[in-house]
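Try each one yourself before reading the solution.

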Amino acid sequence: MKSILTALAIVGALCAAPTATYAEAGHDHERVGGPKGGRLLENTKPRAEFFVEKDRTVTITFYDDALKPIAVTDQSVTVIAEADGNRTTVEFEKKGDVLVSKGPLPDSHALNLVVQFKQTADAKPSNFRFVYEDHVCDVCKRAEYACICGH
């Protein structure tokens, strides 16, 4: 009986506790977005921004630590996009100072993406997994795949 009363007291205290503020709930905008409005891939050197163009092609731009653009060197990227059980591999080529996809992402409102990033031709790839959604976040006003508010 005593443990039931204790559990009820804990539940009551939790229900009566004030709710977290917006910033405490993970909407504190601590994540850094890419300068073009895309998603910065974490832990790449140089920093790489994944940006989906209006025609659904993808541009990968590289930045130094101050987020100033730098030219692509030996880096390579491949994207595997999956929707409804169908997988599409998107290859990239160097165009000027960036990498550009050779074709568009599949036409779907939501895609599971695996971005395979290689620093050099001999390097082991780093995989970045995230969901591409083609709508804009209501909070931070960025494309949902590049949302920085963490909701």
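The exercises below concern a predicted model.

**Exercise 1.** Find which residues of the largest nonpolar core touch the most other members, and which elements give two or more residues to this core.

*Solution.* Start with the core itself: among its 26 residues, Phe50, Ile60, Val79, Leu105 and Leu113 touch the most other members. Next, look at the elements: β2 (47-52), β3 (58-63), β5 (76-83), β6 (86-95), β8 (110-118) and β9 (126-133) give two or more residues each. Then pick out Ile60: beyond its neighbours within four places in sequence, Ile60 is in contact with Ala48, Glu49, Phe50, Val77, Phe92, Val98 and Leu99. Finally, a second, separate core has five residues, including Cys137, Cys140, Cys147 and Ile148.

**Exercise 2.** Decide whether alanine 83 is buried or exposed, and find what it touches.

*Solution.* First locate alanine 83, which is in strand β5. Its relative accessibility is 15%, and buried means under 20%, so alanine 83 counts as buried. Now list its contacts: leaving out residues up to four places away in sequence, alanine 83 touches Ser108, Ala110 and Leu111.

**Exercise 3.** Describe the volume and lining of the largest pocket.

*Solution.* Begin with the volume, about 280 Å³. Of the 18 lining residues, Val32, Arg39, Leu40, Leu41 and Glu42 lie nearest the centre of this pocket. β1 (39-41) and β9 are the elements that give two or more residues to the lining. Sorted by class, the lining has nine nonpolar, four polar and five charged residues.

Technical notes: Residues numbered from 1 in each chain as written. Predicted model: local features only at pLDDT ≥ 70, side-chain atom pairs only at ≥ 80, totals over all residues. Heavy atoms only, no water. Core = buried A, V, L, I, M, F, W, Y, C linked by side-chain atoms within 4.5 Å. Buried < 20%, exposed > 50% of the residue type's maximum accessible area, 1.4 Å probe, protein only. Helix = DSSP H or I, 4+ residues; strand = E, 2+ residues; numbered from the N terminus. Contact = heavy atoms within 4.5 Å. 1 Å grid on protein atoms, 1.4 Å probe; cavity = no way out; pocket = protein on both sides within 12 Å on 5 of 7 lines; lining within 4 Å. Points joined across faces, edges and corners; volume = space filled by probe spheres on them. Nonpolar A, V, L, I, M, F, W, Y, C, P; charged D, E, K, R; others polar.
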